[in-house]
Amino acid sequence: MTQPTAENVGLLLRDARSEKGWTQGQLASELGTSQSAIARMEQGKQNLSLRMIERLEAIFGRSIVKVGKPQMTHLRVEGGHTLSGEVDVNSSKNAGVALLCASLINRGTTTLRRLARIEEVNRIVEVLTSIGVECTWLNGSDLRIRRPEVLDLESMDVEAARRTRSVIMLLGPLLDETDEYLLPYAGGCDLGTRTVEPHMQALRQFGLTVGAKSGFYSVVAPPADVQDRSFVLSERGDTVTENAIMAAAHREGTTVIRNASPNYMVQDLCFYLQGLGVTIEGVGTTTLKITGRSAIDVEIEYFPSEDPIEAMSLITAGIVTNSEVTIRRVPIEFMEIELATLEQMGQKLEISGEYMARNGRTRLVDVTTKPSELHAPQDKIHPMPFPGLNIDNLPFFAVIAGNAEGQTMIHDWVYENRAIYLTELNKLGAQVQLLDPHRIYVNGPTKWRAAEIGCPPALRPAACLLLAMLAARGTSELRNIYVIERGYEDLAERLNTIGAKVEYFQD
């Protein structure tokens with residue numbers, strides 16, 4: 001927006017805040033930003049992203065600015081600054097989308113507290129709204145969900161559904177919603193071939209029939225039953241496990257799922273379903289025993305736990321800028337291998353004592369990065385299913401290895417294309433050598449330099465470019481950041497609270 005427009009928006013924002021009787025500090029707390037950022041907004045000295053405008057309008061219940069046809073949003077980064085201060089980890093994106101899908105199982109009201117306001121969540125909310133679900137933002141981050149007695153699946157927002165891979169997770173909660181329906185093919189990041197066959201194999205255990213029909217999954221529901229079943233997942237995937245769990249949750253028989261993912265978003269889903277009265281044994285292990293309920297009508301509120309991938313992103317920001325930064329509310333159970341690997345590379349970390357997340361189940365710590373001399377690890381860095389190093393945290397080690405003395409091999413054995421996208425770090429001065437579609441060498445240390453780069457169509461590599469730009473002296477531009485907004489809530493603004501200089505702009 002132009003400067004006069006920014007000033008006008010600032011005045012509207014100040015008036016809306018005053019009418020609510022809030023101080024700048026109270027609004028900053030609600031948005032998860034700093035009081036100084038609110039002051040800059042009200043003075044017209046900070047560009048506001050469309051996401052931020054939408055959040056402000058949701059908080060105040062009024063229009064802040066009329067926005068025309070959406071334009072591509074970019075980031076301008078003034079790099080080379082040392083960061084300092086504290087920043088909180090937001091709630092999990094992956095848990096949020098699973099909980100939104102699972103809310104369809106409940107005929108009562110579900111209120112998700114502190115839900116991540118990201119594009120992936122927005123797309124699922126749009127899909128749910130289009131089929132008749134009442135989704136109401138109570139403030140900036142709490143969402144109340146009430147489903148109708150009968151869902152209008154024929155009115156599903158196809159465009160929104162195609163823009164997220166999470167739509168595949170509706171198959172479990174919609175198991176026997178109606179006799180037949182169509183579900184749009186799943187979209188999301190471009191990470192090569194990601195077959196949905198493991199989902200189908202799991203759901204066939206419940207009698208679900210799924211075929212292909214002109215860009216849609218053609219779904220035929222199974223008859224209701226109360227039988228017990230036991231099966232092994234062919235792939236220990238997070239969303240596959242969640243789909244199977246949600247299908248089992250509204251079957252009265254007992255379902256045993258072996259080779260289940262025990263990852264963070266799966267645990268969050270299980271905790272929510274337990275709140276609905278579903279009996280689940282083995283949470284956090286690879287064998288789940290689920291006794292479902294065919295009729296669930298519960299008034300429930302639930303706090304999704306914090307996101308270990310966002311925690312790793314913020315930790316990386318501190319490391320790559322050689323800064324002392326405290327990242328609060330880190331879910332330690334899902335970060336232990338990552339932190340151990342960092343310490344093996346010479347990274348100095350201070351880790352606080354443990355405390356509980358708002359869901360009462362997830363253990364949190366505060367992690368402080370210290371300026372350190374890094375060296376390449378003796379062995380390659382590779383992901384493993386939980387409790388191993390998280391596949392979504394692996395790309396950040398490419399940025400970190402760029403600051404380390406020596407050669408680091410990173411093996412991304414899950415995705416065909418993601419390692420290729422990490423070679424974009426070379427435009428910022430890194431020395432990344434592609435060995436094959438799954439493996440790279442990173443040679444360090446890197447003298448990071450500014451550059452203009454288009455976002456790759458994959459969330460974590462795109463975030464890696466932004467983090468590397470923080471260390472690159474000069475002004476960099478990261479263009480078309482929609483893919484980042486799919487998975488992060490106001491990442492740029494929150495980096496700015498710890499001393500980064502990042503601003504949004506549009507052509």
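Helix 5 (residues 93-102) and helix 10 (residues 264-275) pack against each other at an angle of about 35°, their axes 8 Å apart. The crossing is right-handed. This is a predicted model, and another pair, helix 11 (residues 308-320) with helix 15 (residues 459-471), has axes that come within 9 Å and cross at roughly 25°. Below is a quick tour of both pairs, then Gly 44 and the chain overall.

**Helix 5 with helix 10**
- On the helix 5 side, the contact uses Asn 94, Ala 95, Ala 98, Leu 99 and Ala 102.
- Helix 10 answers with Tyr 264, Met 265, Asp 268, Leu 269 and Tyr 272.

**Helix 11 with helix 15**
- The axes of helix 11 and helix 15 cross at roughly 25°, and because angles under 35 degrees count as roughly parallel, helix 11 is roughly parallel to helix 15.
- Their crossing is right-handed.
- Helix 11 brings Ile 309, Ser 313, Thr 316, Ala 317 and Val 320 to the contact.
- From helix 15 come Arg 460, Leu 467, Leu 470 and Ala 471.
- The tally for the contact of helix 11 with helix 15 is six nonpolar, two polar and one charged.

**Helix 3 and Gly 44**
- Helix 3 (35-42) has Ala 37, Ile 38, Ala 39, Met 41 and Glu 42 as its buried residues.
- Gly 44 sits in the loop that links helix 3 to helix 4 (50-60).
- Following helix 3, Gly 44 has a positive phi, near 75°.
- Gly 44 counts as buried because its relative accessibility is 1%, and the cut-off for buried is under 20%.
- Glu 78 lies 34 residues from Gly 44 along the chain, and their C-alpha atoms are 19 Å apart.

**The chain as a whole**
- The chain holds 17 helices and 23 strands.
- Its radius of gyration is 23 Å, close to the 23 Å that the globule rule gives for 507 residues, so the chain is as compact as a globular protein of that length.
- Laid along its principal axes, the C-alpha trace spans about 65 × 60 × 50 Å.
- Of the 507 residues, 58% count as buried.
- Among contacts with a separation of 6 or more, 74% are between residues 24 or more positions apart.

Methods
Residues numbered from 1 in each chain as written. Predicted model: local features only at pLDDT ≥ 70, side-chain atom pairs only at ≥ 80, totals over all residues. Heavy atoms only, no water. Helix = DSSP H or I, 4+ residues; strand = E, 2+ residues; numbered from the N terminus. Buried < 20%, exposed > 50% of the residue type's maximum accessible area, 1.4 Å probe, protein only. Axes fitted to C-alpha atoms, helices over the stretch in contact; angles between N-to-C directions. Parallel < 35°, antiparallel > 145°, perpendicular 65-115°, else oblique. Left-handed = near helix turned anticlockwise from the far one by under 90°. Contact = heavy atoms within 4.5 Å. Nonpolar A, V, L, I, M, F, W, Y, C, P; charged D, E, K, R; others polar. Rg over C-alpha atoms; globule rule 2.2 N^0.38 Å.
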